Amino acid sequence: MRFFEALVISIRSLFANKMRSVLTMLGIIIGVGAVIAIMAGGRGMETAVTSTLKDLGTDVLYVQPVNPDAPGAAGMSPGYAIATLTLDDSEAIARIPGVLGVAPTNENFAEVTFGGETLNSMIEGSTAEFQTMSNYELASGQFITERNVASRDSVVVLGSTTAENLFGDEDPVGQRVKIKDKRFTVVGVLATKGGSMFGFSMDEIVVVPITTYQARLFTQRTPGGEDAVQSIGVLVAGPEQMDDVRADIETTLRRRHHLTGDDKNDFSIVSMEQMIGVFSQITGVVSIFLAAIASIGLLVASIGIMNIMLVSVTERTREIGIRKAVGAKRRDILLQFLIEAAALSLVGGAAGIVFGWLLSLVISFAATSAGFPLEATLSPLHVIIAVGVSLVIGLVSGIYPAMRAARLNPIDALHYG
Amino acid sequence: MELIELENVTKVYRMGEVEVYALNGVSLSIKQGEMLSIVGTSGSGKSTMLNLLGCLDRPTSGRYMLDGIDVSRLNDNRLAELRSKKFGFVFQDFNLLSRATALSNVELPLVYSGGGSKRQKAMEALERVGLGKRARHKPTELSGGEQQRVAIARALVNSPSLILADEPTGNLDSASTEEIIAIFQQLHREGITVAIVTHEADIAAKTQRVIRLRDGKVASDGKADSL
């Protein structure tokens, strides 16, 4: 018997029991749908995060303090955090060949007030290079200047959302706002950038000169008693100079921090590429974990298929007997029932992909409405995996009932029922 | 020419500790083109006989030669092939697939034996039993006699060496019975070998040879009028 004929027989019998077929498929539809939605959502999340990170510029290295005594990778975590970097370190890095600019940056949350409006915003203390390094455009006024930094001016540049929330349609430039009850003059407003980092919009920031930040807003000192810097962004001339610059920064900082011989670094140098890699890995692991939980549904669906196939074999014992009497071999019967199980599962899987895709669109829409822009993406690989998994489930849950059918004795089967 | 030769064939069923001899040392031969009936009371072994002849089952001991081949030791797949090429079965309760049309039912053996022009061959077989016009009907839309004619067409479609009928008229009224027997007689005149298992004496009387079984043995074997 040819495969095509077995296929026709199987499809016919599925159609003969429409309600039962659809109910059996429902398990697969929900199982595959859940897995697809999670994978598509996870990929969307990964895309959202990496594109935000790429937006910050890929030719950038970040230098951050590390507690050399902390175990493993915990050196940068709050429990072990230790301030080791200073503005002098930052200036020393700026003199390294191949470095186009440095942006020492401190950040913290604080209340910003204008008139009756108060906002809790992310305050960034940085230098003129912050704008280039983070890819911000100006909407009006000007950015923080080197002179502002040198003379610790109480000036501030507002992110577009912050400006809108505080001032509405009014032009903020020249106005005075209060940060932690201290007066600052607005010198510029940033253009809308879009994107967000873990729920924080990139347009809800407030930038002040780092020196002013250290002197008037938040004071943090290194063990040596100097003003501390939380991180130093380093703009490198080009990707080919990345490695040299990285090595030079390490040498410079080790010398400046008096680290010799086997002393561990009390700082780390991370490139944007590395950060993107880490975030992709995290979102990847999380979505695989969630998909694994969702695939319990597939196991249940597979049991459902096996159950219904066993019922079907029993019900059709006489049909099997007739087929055997007129010359059907074991493998003909086996094939017929295997195809039936596989078809149930494949059609269910295909419907599940569509269902999962729709579900992920709903999730994207809900997330975007809630302020976390997310575009769920269904990759061809996910579709191939889903189809493959459905097929395997169909075959695995169909093999036992099909073997039972194929082994039936034609005489007994003919006199059944 | 001998189509079938049974030599000292035994079939033993095990019922727990007890061994039941359904057939006990049966020897007989059937020639190409014969029309015969196998009769006996229930429990005489006639159903077992039919199952063995039709290669639905294997003998416990003894030899079964079909067209010069020893089929008593063939595996399931080879037996299935033989059933598909050499035999046509007709059952008491028709055993048609209820969801399929008459034509599809007749096509069924061709699905498993392969080869082309299934539709055409099936149609020809239906026409031979006078049901050409009912090809698109499902079994539920046909009378008992018509259903049995579909079953005969299905048995015919692969041009078998032997048609085996198990109480073919058991579920039919007398008019339909006449009809079905007439068809078997017609097939016999066309040269097809026909074996009918029955417990009805007037059916047996319509065949040239009657094999009577009793307690798993051949009690008599001869011309119908000699009984």
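Chain A has 14 helices and 12 strands; helices (H or I, at least four residues) and strands (E, at least two) are DSSP runs, numbered from the N terminus. The radius of gyration of chain A, 32 Å, is well over the 22 Å that the globule rule gives for 417 residues, so the chain is more spread out than a compact globule. That radius is taken over C-alpha atoms, and the rule is 2.2 Å times the number of residues to the power 0.38.

This is a predicted model: local features need pLDDT of at least 70, side-chain atom pairs count only at pLDDT 80 or more, and totals for chains, interfaces and linings use all residues. Residues are numbered from 1 along each chain as its sequence is written, while chains are lettered from A and ligands numbered from 1 in the order in which they are written.

**Chain A overall**
- Along the principal axes, the C-alpha atoms of chain A fill a box of roughly 100 × 60 × 35 Å.
- Of the 417 residues in chain A, 41% are buried (20 or more other C-beta atoms within 10 Å of the residue's own, with C-beta atoms placed from the backbone).

**Helix α13 of chain A**
- A kink of about 40° lies at A:Ile399, shortly before the proline A:Pro401; the bend is the angle between axes fitted to the seven residues ending there and the seven starting there.
- Buried residues of α13(A) include A:His382, A:Ile393 and A:Pro401.

**Contact between chains A and B**
- The contact takes 19 residues from chain B and 16 residues from chain A (C-beta atoms, placed from the backbone, within 7 Å).
- On the chain B side, α2(B) gives the largest share, 6 residues.

Note on methods:
Buried ≥ 20, exposed ≤ 12 C-beta atoms within 10 Å, placed from the backbone. Contact = placed C-beta atoms within 7 Å.
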